Amino acid sequence: MSPYVVNYNFLISVGTAGHMQGGLMTFMPIRKNPDGSIMVDFRYKETSNGSCNHEHSWNCQNGDCGEVVDAAVVDVARDTNLGQWCQSEGYILRNLSSDKPFELRNRAADCCWIPNVLGTSNWQLLTHVDMGNRSDSSLLNRSPVTTMLSAIRVPQNCMTTIRLLAHDPDGDHVHCRFGQAASGECASCSQNPAFRLSENMCTLHIINTTSIGAHVFELVIEDFPKQMISLTYEDGTSSVRLLFSQNT
């Protein structure tokens, strides 16, 4: 219902140098104003190599994205010994004049992922926002919530299972998958054959011997209702949301 791309970085060993190490965005409606507009709180994380670049810039991709009321970004963690990474958290407060779906996109300002095993270069983040009123709860729809570490280090030649941290405040089922190039959900869209993603469980498995270095992924996290519901909008239109399929 509310898919968005999450860039993850997994390290086999510790040595890297470059820029982008990961990023994500989630959103939460705060209130519906008397004039029908909606105040929404967007939260994002970005991790970069070296200094805190704050290079994430969220732009309206399509639809009515409202207006930015307030925004700020702060540094929350960094490697103070080797200066290898910095993680920042930001928020954007938007006032939406419409509750119809729209998308925010964040592309690389000056290119690239950190040097990595597959040579993946360009990256992007995409957030699909749907503020429709849910028939099952009579509340505005909310996005799945996830978080990220600056990097996850795992031993080489070790079969490892990594559970991605994701939860949906509406009680929907959370589903994880690789971004699809045809839908514009990823920039490089490369996938590493040494890893397998269990989409229903949002679990990444290392299944083969992996090369030493950084492994990066562009993942989509989306939520599906546990029963068929409809989303209604102020203009009188509505859309149906289907149940999650357990076939993957």
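**Polar contacts, cores and disulfides**

Mentor: Start with a polar contact of 2.8 Å between the side chains of Gln124 and Arg105. Keep in mind that this is a predicted model.

Trainee: How many residues apart along the chain are Gln124 and Arg105?
Mentor: They are 19 residues apart along the chain, and their C-alpha atoms are separated by 7.2 Å.

Trainee: Which strand holds Gln124?
Mentor: Gln124 lies in strand E8.

Trainee: Is Gln124 buried or exposed?
Mentor: Buried. Its relative accessibility is 3%, and the cut-off for buried is under 20%.

Trainee: What backbone oxygen does the Gln124 side chain reach?
Mentor: That of Gly184, at 2.7 Å.

Trainee: New topic, the nonpolar core. Which residues touch the most other members of the largest one?
Mentor: Met25, Val40, Phe42, Trp58, Phe102, Leu104 and Met131. That core has 20 residues.

Trainee: Which elements give two or more residues to this core?
Mentor: Strands E2 (20-32), E3 (38-49), E6 (85-96), E7 (102-107) and E8 (124-129). E3 gives the most, with four residues.

Trainee: And what does Val40 touch?
Mentor: Leaving out residues up to four places away in sequence, Val40 touches Phe27, Met28, Pro29, Ile30, Ile92, Leu93, Arg94, Leu96 and Met131.

Trainee: What else is there in the way of cores?
Mentor: Another core of 15 residues lies apart from the largest one. Its members include Leu164, Val174, Phe178 and Ile221. As a general point, nonpolar side chains tend to be buried together in soluble globular proteins.

Trainee: On to sheets. In what order do the strands of the open three-stranded sheet run?
Mentor: E12-E16-E15, with antiparallel pairing. The edge strands are E12 (160-163) and E15 (195-198), and each pairs on one side only. The twist averages 20° from one strand to the next.

Trainee: How many bridges link E15 and E16?
Mentor: Four, in the antiparallel sense, with E16 covering residues 203-206. Ser198 stands opposite Thr203 in E16.

Trainee: What's in the loop between E15 and E16?
Mentor: Cys202, for one. It has a positive phi of about 50° although it is not a glycine. Most residues other than glycine have a negative phi.

Trainee: Where else is phi positive in a residue other than glycine?
Mentor: Ser138 is one such place, with phi near 60°. Ser138 lies in the loop between E9 (133-134) and E10 (145-146).

Trainee: Buried or exposed, those two?
Mentor: Ser138 counts as exposed at 55% relative accessibility. Cys202 counts as buried at 3%.

Trainee: What does Cys202 bond to?
Mentor: A disulfide joins it to Cys176, S to S 1.9 Å. Cys176 lies in strand E14 (residues 173-178) and Cys202 in the loop between E15 and E16, so the pair ties together parts 26 residues apart in sequence. Both cysteines are buried.

Trainee: How many disulfides in the whole structure?
Mentor: Three. Another is Cys60 with Cys65, sulfur atoms 1.9 Å apart. Cys60 is partly exposed at 41% relative accessibility, while Cys65 is buried at 4%. Then there is Cys186 with Cys189, also with sulfur atoms 1.9 Å apart. Here Cys186 is buried at 8% and Cys189 is partly exposed at 23%.

Trainee: Which hand are they?
Mentor: The torsion about the S-S bond is about 75° for Cys60 and Cys65, so that disulfide is right-handed. The link of Cys176 and Cys202 is right-handed, with 90°. For Cys186 and Cys189 the torsion is about 100°, so that disulfide is right-handed.

Technical notes. Residues numbered from 1 in each chain as written. Predicted model: local features only at pLDDT ≥ 70, side-chain atom pairs only at ≥ 80, totals over all residues. Heavy atoms only, no water. Core = buried A, V, L, I, M, F, W, Y, C linked by side-chain atoms within 4.5 Å. Buried < 20%, exposed > 50% of the residue type's maximum accessible area, 1.4 Å probe, protein only. Contact = heavy atoms within 4.5 Å. Pairing = 2+ DSSP bridges. Axes fitted to C-alpha atoms, helices over the stretch in contact; angles between N-to-C directions. Polar contact = N/O pair within 3.5 Å; in protein donor to acceptor, adjacent residues only side chain to side chain. Disulfide = S-S within 2.5 Å.
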